[in-house]
Amino acid sequence: MKTAIEAMHSRRSIRAYTPQPIDRATIEEIVDCARLAPTAMNDQPWEFVVITEKSSLASIPKLLGHAEFIANAAFCVLVLSRASSCAVEDCCAATENLLLAAAAHGLGACWVAGAPQPYAPAVAKAFGAPDTLTLISIVSVGHPAESPSIEKRPLADLLHWEYF
Ligand SMILES: Cc1cc2nc3c(=O)[nH]c(=O)nc-3n(C[C@H](O)[C@H](O)[C@H](O)COP(=O)(O)O)c2cc1C
């Protein structure tokens, strides 16, 4: 298991997965990390729907009109929120925890946009969420079949000590 710092350094968006499944205990641990994220006023406005069925995974890109890689994921998580003062911020913190927990396990994951994308209500409805909940993000997870590198802005370009 990687440390948090190692996971942050090694994490990349992974959109290609091997067919190897992921056991239920690992999935639960990853979602458990999401629910531990900070929230404004400790509101914890979220619900998480884990999808492992192949046909269900394959149905998601059809609703989105993109993100075909979700069909090949071992699972994905719908991050949903009830209305709350900082629903987006809270659920984004949870989404990042999902990504980092997956990376700590040596798994690959990708954040896929939810609301305000026009498909968000249809995805939430397709998986039985009440219409009081908004889909904030989708995270696909699987054993990585790619290791992309991506340019990140160097620390020296964006770190300002004491004054901008
Ligand atoms: C709010 C948000 C929405 C994103 N939506 C998508 C998406 O719909 N499809 C996708 O393939 N990647 C999506 N990504 C992943 C980004 O493309 C990726 O994080 C970015 O290119 C940087 O690459 P890295 O994750 O490897 O650092 C999203 C990321 C964020 C933070």
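**Ligand shell.** I count Ala, Val, Leu, Ile, Met, Phe, Trp, Tyr, Cys and Pro as nonpolar, Asp, Glu, Lys and Arg as charged, and the others, Gly among them, as polar. By these classes, I find six nonpolar, one polar and two charged residues in the shell around the ligand. The residues around the ligand are Arg12, Ser13, Arg15, Ala67, Cys110, Trp111, Val112, Ala113 and Ile150.

**Basis.** I note that this is a predicted model, in which local features need pLDDT of at least 70 and side-chain atom pairs count only at pLDDT 80 or more, while totals for chains, interfaces and linings use all residues. Residues are numbered from 1 along each chain as its sequence is written.

**Chain.** I looked up the elements as DSSP runs, numbered from the N terminus: helices (H or I, at least four residues) and strands (E, at least two). The protein chain has six helices and four strands, in the order α-α-β-α-β-α-β-α-β-α from the N terminus on. Of the 164 residues, 35% are buried, that is, have 20 or more other C-beta atoms within 10 Å of their own, with 12 or fewer counting as exposed and values in between as partly exposed; C-beta atoms are placed from the backbone.

**Sheet.** I count two strands as paired if DSSP finds at least two bridges between them. The four strands form an open, antiparallel sheet in the order β1-β2-β4-β3. Its edge strands are β1 (46–51) and β3 (108–113), each pairing on one side only. β3 pairs with β4 (residues 133–142) in the antiparallel sense over six bridges. Ala113, listed above around the ligand, has Ser137 in β4 as its bridge partner.

**Loops.** Which residues are joined by a cis peptide bond? I find Ala115 and Pro116 joined in this way, with omega of about 10°. Pro116 lies in the loop between β3 and α5 (120–126).

I then examined the loop between α2 and β1, where Met41 is found. Met41 is not a glycine, yet has a positive phi of about 55°. Is Met41 buried or exposed? Met41 is exposed, with 10 other C-beta atoms within 10 Å. Gln44 has its place in the loop between α2 and β1. Gln44 also has a positive phi, of about 45°, although it is not a glycine. I record Gln44 as partly exposed, with 17 other C-beta atoms within 10 Å.

Methods
Near = placed C-beta within 6 Å.
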